[in-house]
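New notebook page. I'm opening this one up for a look around, and I'll jot things down as I go.

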Amino acid sequence: MNTIKSILCVEDEIIIRVLVKRLLSDYDVVICHSGEMALIELTKRRFDAILIDINLGSGINGIDLCKSIRSMKEYERTPIGAVTAQWISTKDELFREGFSHYLPKPFDREQIIAFVEKMLSKRV
């Protein structure tokens with residue numbers, strides 16, 4: 001029996017939140033609009049993968065959120081993907097901060113599905 005994989009998506013832009021929810025309809029996707037909201041969701045249930053925008057507006061940013069998640073024992077090896085339009089000097093910078101995957105915005109349907117499938121096929 002296949003169980004549906006759960007994905008937490010942390011994104012402040014409503015259009016991207018709706019798009020991700022629609023494009024990843026084969027997964028159990030929980031959407032949060034802030035890092036603070038994501039930290040609450042992470043205490044309620046276990047996720048198989050996490051997608052985080054770097055610039056989340058006010059409050060905690062995506063990099064700090066990733067660091068907080070990595071400090072949780074149950075999420076030490078969970079795939080965490082940076083999904084961002086923000087210019088990052090190198091992907092290595094994100095990987096040093098705790099991200100395991102990177103997808104630049106804008107993305108299309110095939111790119112995000114392949115990205116999530118790649119994330120779920122590997123544990124960090």
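Predicted model: local features only at pLDDT ≥ 70, side-chain atom pairs only at ≥ 80, totals over all residues.

I see that the side chain of H101 makes a polar contact with the side chain of S100, at 2.7 Å.

Where does H101 sit? I looked up its element: H101 belongs to strand β5, residues 101-104. Is H101 buried or exposed? Its relative accessibility is 9%, and the cut-off for buried is under 20%, so H101 counts as buried. I also listed what H101 touches, leaving out residues up to four places away in sequence: P79, I80, G81, A82, F95, F115, K118 and M119.

Next I went to strand β1, residues 6-10. Five of its five residues are buried, so β1 is largely enclosed by the rest of the structure. I checked which way they point: S6, L8 and V10 go one way, I7 and C9 go the other, and all are buried.

Which strand pairs with β1, and in what sense? I found β2, residues 28-32, pairing with β1 in the parallel sense over five bridges. Within this pair, L8 stands opposite V30 of β2.

Last stop, the surface. I14 is in helix α1, residues 14-23. I14 has a relative accessible area of 54%, and exposed means over 50%, so I14 is exposed. Together with I15 and V18, I14 forms a nonpolar patch on the surface, and the three share about 320 Å² of accessible area.

Note on methods: Residues numbered from 1 in each chain as written. Heavy atoms only, no water. Patch = residues over 30% accessible without salt bridge, like charges linked within 9 Å, V, L, I, M, F, W, Y side chains within 5 Å. Areas by Shrake-Rupley, 256 points an atom, 1.4 Å probe, with all protein chains shown as cover. Salt bridge = Lys/Arg side-chain N within 4 Å of Asp/Glu carboxyl O. Helix = DSSP H or I, 4+ residues; strand = E, 2+ residues; numbered from the N terminus. Buried < 20%, exposed > 50% of the residue type's maximum accessible area, 1.4 Å probe, protein only. Polar contact = N/O pair within 3.5 Å; in protein donor to acceptor, adjacent residues only side chain to side chain. Contact = heavy atoms within 4.5 Å. Pairing = 2+ DSSP bridges.
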